[in-house]
Amino acid sequence: AFGQDDWRLHAVKLNGLDITDSGVEMPAGGVIENVVVEMTKRVTEVTGRVLDDSDRPLRDVWVILFPQDSQRLAYFGRYLSAGRPGSNDRYRLRVPAGDYFIVALDDVEQGEWNDPDFLEPLHERAARVTLSDGESKTLDLKLAR
């Protein structure tokens with residue numbers, strides 16, 4: 001689990017161009033210069049509870065946060081997060097800044113959320129959330145039906 005003092009990758013830049021998600025081709029034995037790795041302690045996250053129809057918190061559910069831009073699903077899971085509410089009935093998901101779908105489900109197999117074919121039909125049942133860099137949003141969810 002991350003603490004507020006944990007350093008995380010913010011960006012990787014080559015000659016000022018952000019290559020964090022795209023990477024760069026490097027020939028065997030090649031040298032790359034002018035690379036800047038930016039680290040941050042700022043946390044970008046969404047937290048909240050999953051509530052039943054009587055507004056009681058649920059814990060035996062999965063909350064899945066995934067990018068609205070389906071191209072970002074390929075970037076090593078950086079823009080995809082899933083978790084369950086803890087003993088305090090709250091979920092906490094951390095991702096880079098961006099535009100996301102978020103959905104709470106009660107019938108998900110471990111790791112199933114990594115499959116774009118599983119996520120695609122969830123767009124219609126998911127809420128939309130935009131997170132700015134370093135922003136923490138609280139969002140209570142209802143179980144998606």
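This is a predicted model: local features need pLDDT of at least 70, side-chain atom pairs count only at pLDDT 80 or more; totals for chains, interfaces and linings use all residues.
Local features were taken at pLDDT of at least 70 and side-chain atom pairs at pLDDT 80 or more, while totals for chains, interfaces and linings use all residues. Residues are numbered from 1 along each chain as its sequence is written, and side-chain values use heavy atoms, with hydrogens and water left out.

The chain contains 1 helix and 13 strands, assigned as DSSP runs (helices H or I, at least four residues; strands E, at least two) and numbered from the N terminus. Their order along the sequence is β-β-β-β-β-β-β-β-β-β-α-β-β-β. The C-alpha trace spans about 60 × 35 × 25 Å along its principal axes.

Strand 9 pairs with strand 4 (residues 45-48) in the antiparallel sense over 4 bridges, pairing being defined by at least two DSSP bridges between two strands. Within this pair, Thr47 has Arg92 as its bridge partner.

A nonpolar surface patch is formed by Trp7, Leu9, Val24, Met26, Ile32, Val35, Val37 and Met39, with about 730 Å² of accessible area together. Patch residues have over 30% relative accessible area and no salt bridge, nonpolar side chains (Val, Leu, Ile, Met, Phe, Trp, Tyr) being joined within 5 Å and like charges within 9 Å. A salt bridge requires a side-chain nitrogen of Lys or Arg within 4 Å of a carboxyl oxygen of Asp or Glu, and areas follow the Shrake-Rupley method with a 1.4 Å probe, only the protein chains shown counting as cover for residues. Strand 3 (residues 35-40) supplies the largest share of the patch, 3 residues. Val24 lies in the loop between strand 2 (17-18) and strand 3 and counts as partly exposed because its relative accessibility is 44%. Glu38 is located in strand 3 and, at 26% relative accessibility, is also partly exposed.

The largest pocket holds about 360 Å³ of space. It is lined by 19 residues, with Leu9, Arg78, Val95, Pro96 and Ala97 nearest its centre. Strand 1 (residues 8-14) gives the largest share of this lining, 4 residues. A pocket is an open set of points on a 1 Å grid over the protein atoms alone, fitting a 1.4 Å probe, with protein on both sides within 12 Å along at least five of seven lines; lining residues have an atom within 4 Å of a point.

Methods: Buried means under 20% relative accessible area, exposed over 50%, partly exposed in between (1.4 Å probe, protein chains only). Grid points are joined across faces, edges and corners, and a volume is the space filled by probe spheres set on the points.
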